[in-house]
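Dear colleague,

I am handing over the structure below, and I would be glad if you looked through it before reading on. My notes on what was found in it follow.

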Amino acid sequence: MGPVGMHHYLALSAILFFLGVFGVLFRRNLIVIFMSIELMLNAANLTFVTFARYTGNMDGHVIAFFVMALAAAEAGIGLAILVMVFRNRATVQADDLVMMRD
Amino acid sequence: MERYLWIIPFAPLLGAIVNGKLAALYARREKGPPEWVVSLVGCAAPILSFLVAAALFVQMRAAPASERLFTQTLYTWIAAGPVQVDFAFMVDALAMVMVLVVTGVGSIIHVYSVGYMHGDRGYARYFAYLNLFMFSMLTLVMAKNLPLLFVGWEGVGLCSYLLIGFWYRDIANAAAGKKAFIVNRVGDFAFLLGMFLIFVTTQRVGHPTLDVPALRALVGEHPQVFGGIATAACLLLFVGATGKSAQIPLYVWLPDAMAGPTPVSALIHAATMVTAGVYMIARMSFLYDLAPAAMAVVATIGAATAIFAASIGFAQRDIKRVLAYSTVSQLGYMFMAVGVGAYGAGIFHLMTHAFFKACLFLGSGSVIHAMSGEQDMFRMGGLAKTMKVTAATFLIASLAIAGVPPLAGFVSKDEILWMTFSTPLQPPWLPYLLWAVAFVAAGMTAFYVFRAVFLTFYGEDRVSAEAKHHLHESPAMMTVPLVLLAAGSVLAGFLGWPAALRGGNWFHNWLAPVFGGHDAGHGGEHALADVVGPVAASAGGHDATVEYALMALSVAIGLAGIFMAYRLYIKNPALPARITARLGRFYRMVFNKYYVDEIYEHTIVRPGYGLSDKVMFRFVDMGIIEGIVNGLGITARLVGATVRLFQSGVIRTYAFFLLLGFVLIVWRMVR
């Protein structure tokens with residue numbers, strides 16, 4: 001095992017991202033799906049920062065901050081929707097929310 | 001004066017607009033607009049037209065024969081490349097006669113209508129239609145070009161339809177109006193085709209036009225080219241005329257048209273509109289002269305219609321229907337006249353007929369009015385005692401139509417008979433055959449008209465007690481027009497008093513310039529002569545003895561017809577029933593109008609209906625057109641139903657497709 005390099009960061013980022021993807025695909029609880037989305041966003045952040053670090057370009061850092069702000073906003077709105085869904089339907093299970101189909 | 005030409009048609013149009021507006025304003029109210037306002041507007045319009053026309057006539061008479069032409073262009077109606085069609089009027093000697101007849105007789109009938117239609121809920125609507133008719137008819141007569149003539153032609157057809165179905169709450173009246181309209185449509189289609197053919201031919205000689213004077217000049221310049229199409233064009237135009245002027249085979253609508261108010265029958269279906277076909281042929285005489293075959297057809301159809309309709313008139317019970325068949329028969333005479341090239345005689349009979357037939361119709365209207373709507377002559381009789389003026393005028397007009405000298409009908413009918421007899425045609429026996437047919441028809445005319453006179457006004461009283469109760473002579477508003485028309489029936493003949501009886505035949509000379517000096521009486525340099533062979537010595541010096549003999553014969557058969565009617569319906573009223581019983585089947589055939597309506601029903605109407613229903617409606621419309629429309633809808637629904645399967649509502653499925661799409665895109669980009 002050599003020193004920790006760019007590939008390691010990128011590999012970690014990919015693993016995190018696919019953990020998020022599988023979380024979205026296979027979990028039923030909306031809150032968990034939500035957390036999985038956060039995980040994907042953070043994986044993307046890690047990729048940006050990695051490239052910024054290894055190419056000496058500050059753009060990646062800037063975008064990472066943007067993504068964090070976006071994630072915060074998204075979490076705010078998403079959780080608010082969740083609260084409303086729970087109040088109306090008394091459930092946060094994704095499989096129960098299929099009104100659009102019928 | 002020439003610039004006031006437009007007043008003649010537009011005064012009635014204004015009247016129609018005013019009365020139409022009034023009728024619409026009062027449509028939802030209990031009562032119609034005040035009758036005196038409607039009558040004032042409705043009658044003033046045609047009378048104004050008549051006065052202008054009379055003033056024009058005075059001016060025209062003062063002018064030398066070659067300058068007797070008024071024209072006025074209002075605006076350019078159609079401008080398409082080299083073709084220009086104007087909204088333009090033209091009044092020459094021929095149109096002048098028509099304008100005077102239409103506005104003169106028209107005004108009288110308008111005044112009569114004031115009395116006849118009194119108290120009718122549709123009073124304003126009636127006068128609006130009647131004025132609109134006057135506008136259309138005058139446009140037809142005064143049109144300078146064929147498209148404008150066609151506008152008038154259709155306009156009078158429309159007004160005829162509206163007025164036949166005037167009392168539209170009775171379904172039979174509405175059906176009669178529809179029948180008139182549809183039968184006329186058949187003729188109009190042929191008329192249009194004829195017009196197109198003429199237009200295409202003018203294009204071929206490099207001068208596309210439909211102006212009547214220009215056409216006339218053009219036909220004169222290129223007789224060869226126009227001679228080639230003249231027969232087809234003239235026959236097509238004539239088919240149009242058979243529709244409008246109720247000739248075989250399209251006459252069936254006219255008897256049914258009697259469903260309209262009686263003054264309408266007098267104005268439209270006797271005096272003016274139905275003569276439009278005769279006028280049109282006279283107007284296009286320069287073309288007809290090139291087509292002797294078409295002329296022969298016109299004359300033959302005319303003669304056939306004259307005798308055919310007269311025979312149906314024998315067996316009718318309805319007084320108006322007798323007159324209707326009589327009109328068809330008399331129109332046949334007019335067509336026979338123009339068919340042998342005696343345009344002047346045809347127009348002359350048109351004019352005298354307008355007087356005596358309008359008088360007969362208005363007289364019958366007066367009777368129907370007095371009898372509270374009864375039209376069956378077998379429930380009348382002896383009315384002369386109570387209705388003196390009506391009976392007297394009816395009698396005068398009947399004598400005129402029967403051809404008793406010196407009344408108008410004698411002069412004009414005799415001129416037609418003589419012209420038919422003396423004009424050489426191809427084949428050579430044709431004039432004699434036509435004459436014989438018309439001669440017999442003249443006797444029949446006298447018989448059936450006097451049958452109507454005797455059944456209605458004389459003989460035993462068959463009036464029901466109820467009708468008798470309010471039997472009365474009509475008001476002056478109705479009898480004065482009757483007297484005027486009766487006077488016309490007496491005097492109009494003297495305008496064309498034949499030369500053989502030491503008359504000047506003023507009417508003939510008046511019209512002669514319009515027909516290029518060609519009217520059998522003068523004969524000569526005409527194109528007809530080239531085709532038919534030299535016109536025999538009919539010019540001026542014809543054998544007066546023959547003419548006297550024929551005249552005496554036609555008077556004799558007229559009197560014989562009257563005498564027959566007298567024998568059968570006054571002297572021996574039981575005889576007709578015995579005769580009809582003896583004839584049995586034949587009588588029933590005539591009584592049922594030779595089953596022509598039934599034949600048309602089975603050969604044309606039913607198959608036409610079947611075609612519309614089975615082919616056009618069920619196959620074309622419901623099958624093809626609705627198939628396309630519904631097919632589009634069904635396709636959209638099927639596509640939707642398929643795509644709908646993807647919308648499961650399960651978020652994970654969506655996310656999966658999202659990922660799938662993402663992977664596919666990335667895969668394509670990386671590869």
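Two residues are in contact if their C-beta atoms, placed from the backbone, lie within 7 Å. By that rule, 9 residues of chain B are in contact with 9 residues of chain A, and the side of chain B that touches chain A divides into 5 nonpolar residues, 3 polar and 1 charged (Ala, Val, Leu, Ile, Met, Phe, Trp, Tyr, Cys and Pro count as nonpolar, Asp, Glu, Lys and Arg as charged, and the others, Gly among them, as polar).

Please keep in mind that this is a predicted model, in which local features need pLDDT of at least 70 and side-chain atom pairs count only at pLDDT 80 or more, while totals for chains, interfaces and linings use all residues. Residues are numbered from 1 along each chain as its sequence is written, and chains are lettered from A and ligands numbered from 1 in the order in which they are written.

Chain A has 3 helices and 0 strands, where helices (H or I, at least four residues) and strands (E, at least two) are DSSP runs, numbered from the N terminus. The C-alpha trace of chain A spans about 55 × 30 × 20 Å along its principal axes, and of its 102 residues 11% count as buried, that is, with 20 or more other C-beta atoms, placed from the backbone, within 10 Å of their own.

In chain B, B:Val99 is in contact with B:Ile8, B:Ala53, B:Val91, B:Leu138, B:Val141 and B:Met142, leaving aside its neighbours within four places in sequence.

Terms used: Buried ≥ 20, exposed ≤ 12 C-beta atoms within 10 Å, placed from the backbone.
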